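Here is a short tour of a protein model, meant to be read with the structure open beside it.

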Amino acid sequence: MKFFVLHLAAAAALLFPMGGALAQVSVERPWVRATVAQQQATGAFMVLRAARDTRLVGASSPLTPQVELHEMKVQDNVMKMREVPAIRLTAGQPLELKPGGYHVMLMGLKNPVVEGQTVPLTLVFEGSDGKRESVQVSATVRPLTAPANARDAGHRPGDGHKH
Ligand SMILES: [Cu+2]
């Protein structure tokens, strides 16, 4: 099953339209952090790469209607998370969405997200010409104990945005 999933993700990247005006975005190693009971939010992480400058302007998933683009960063010595309208990609430069940085936030989850599950995600990119394109991704779910950026520990548990 794992092989099948990985294969699908690779195929999705390869099938991506190669038209000249498109950003030709590739998505590598997409994953979602597993949740525990009662946890209603988690993060999706991946490495994005685009042949042309583009912006990630939205994401969606059948798991929940509440999917946002977030950024975490230290402000006045406190790790803060906020929604951002877009995440900019520079041509040829990989950008990693990771704990402690940019991420796709899945909120209002009705059920736990468990290891072994795959989470379908649709990422929407907008090029400098205003044209939009969607990329389908199958993210694998990794356990809570998956190695994460140490800064993630500064994420306050009370804000309802556990990762
Ligand atoms: Cu978040």
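## The copper site

Four donors count as tetrahedral if all angles lie between 85 and 135 degrees; four count as square planar and six as octahedral if opposite donors are over 155 degrees apart and all others between 65 and 115; anything else is irregular. Donors here are N, O and S atoms within 2.8 Å of the metal (3.2 Å for Na, K and Ca), and sites may look incomplete because water is not among the atoms. The model is predicted: local features need pLDDT of at least 70 and side-chain atom pairs count only at pLDDT 80 or more, while totals for chains, interfaces and linings use all residues. Residues are numbered from 1 along each chain as its sequence is written, and side-chain values use heavy atoms, with hydrogens and water left out.

Which protein atoms are the donors of the copper ion? They are ND1 of His70, SD of Met81, NE2 of His103 and SD of Met105, lying 2.1 to 2.2 Å from the ion. Along the chain, these donors follow the spacing H-x10-M-x21-H-x1-M. Met81 in strand β5 (residues 78–83) and His103 in strand β8 (residues 102–107) link distant parts of the chain, 22 residues apart. The 4 donor atoms subtend angles of 94 to 137° around the copper ion, so the arrangement is irregular. For reference, ideal angles at a metal are 109.5 degrees for four tetrahedral donors, and 90 or 180 degrees for six octahedral ones.

## Around the copper donors

His103 is buried because its relative accessibility is 0%. His70 is also buried, at 3%, and Met81 counts as buried with a relative accessible area of 18%.

His70 belongs to strand β4 (residues 66–75). Its side chain makes a polar contact with the side chain of Glu68, at 2.7 Å. A polar contact is a pair of N or O atoms within 3.5 Å; within protein, one must be able to donate a hydrogen and the other to accept it, and residues adjacent in sequence count only if both atoms are side-chain atoms.

## The overall fold

The protein has 1 helix and 10 strands, in the order α-β-β-β-β-β-β-β-β-β-β along the sequence. Helices (H or I, at least four residues) and strands (E, at least two) are DSSP runs, numbered from the N terminus. Of the 163 residues, 43% count as buried. Contact means heavy atoms within 4.5 Å; among contacts between residues at least 6 apart in sequence, 68% join residues at least 24 apart.

Arg55 lies in strand β3 (residues 54–60) and is partly exposed, at 26% relative accessibility. Leaving aside residues up to four places away in sequence, Arg55 touches Ala86, Ile87, Arg88, Val124, Phe125 and Glu126. Arg55 and Glu126 are 71 residues apart in sequence, yet 5.3 Å apart in space, C-alpha to C-alpha.

Gly58 is found in strand β3 too, and it is buried at 16% relative accessibility. With residues up to four places away in sequence again not counted, Gly58 touches Leu69, Thr122, Leu123 and Val124. From Gly58 to Pro85 is 27 residues in sequence and 7.9 Å in space, C-alpha to C-alpha.

## An aromatic pair and a charge

Rings of Phe, Tyr and Trp (its six-membered ring) pair if their centres lie within 6.5 Å; planes under 30 degrees apart count as stacked, over 60 as edge-to-face and the rest as tilted. By this rule there is 1 aromatic pair. Trp31 and Phe45 form this tilted pair, 4.7 Å centre to centre with 40° between the planes. The two link distant parts of the chain, with Trp31 in strand β1 (residues 25–33) and Phe45 in strand β2 (residues 42–50), 14 residues apart.

Trp31 is buried at 8% relative accessibility, and Phe45 is buried at 0%. The charged end of Arg142 sits over the ring of Trp31, 4.4 Å from its centre. A charge sits over a ring if NZ of Lys or CZ of Arg is within 6 Å of the ring centre and within 35 degrees of the ring normal.

Note on methods:
Buried < 20%, exposed > 50% of the residue type's maximum accessible area, 1.4 Å probe, protein only.
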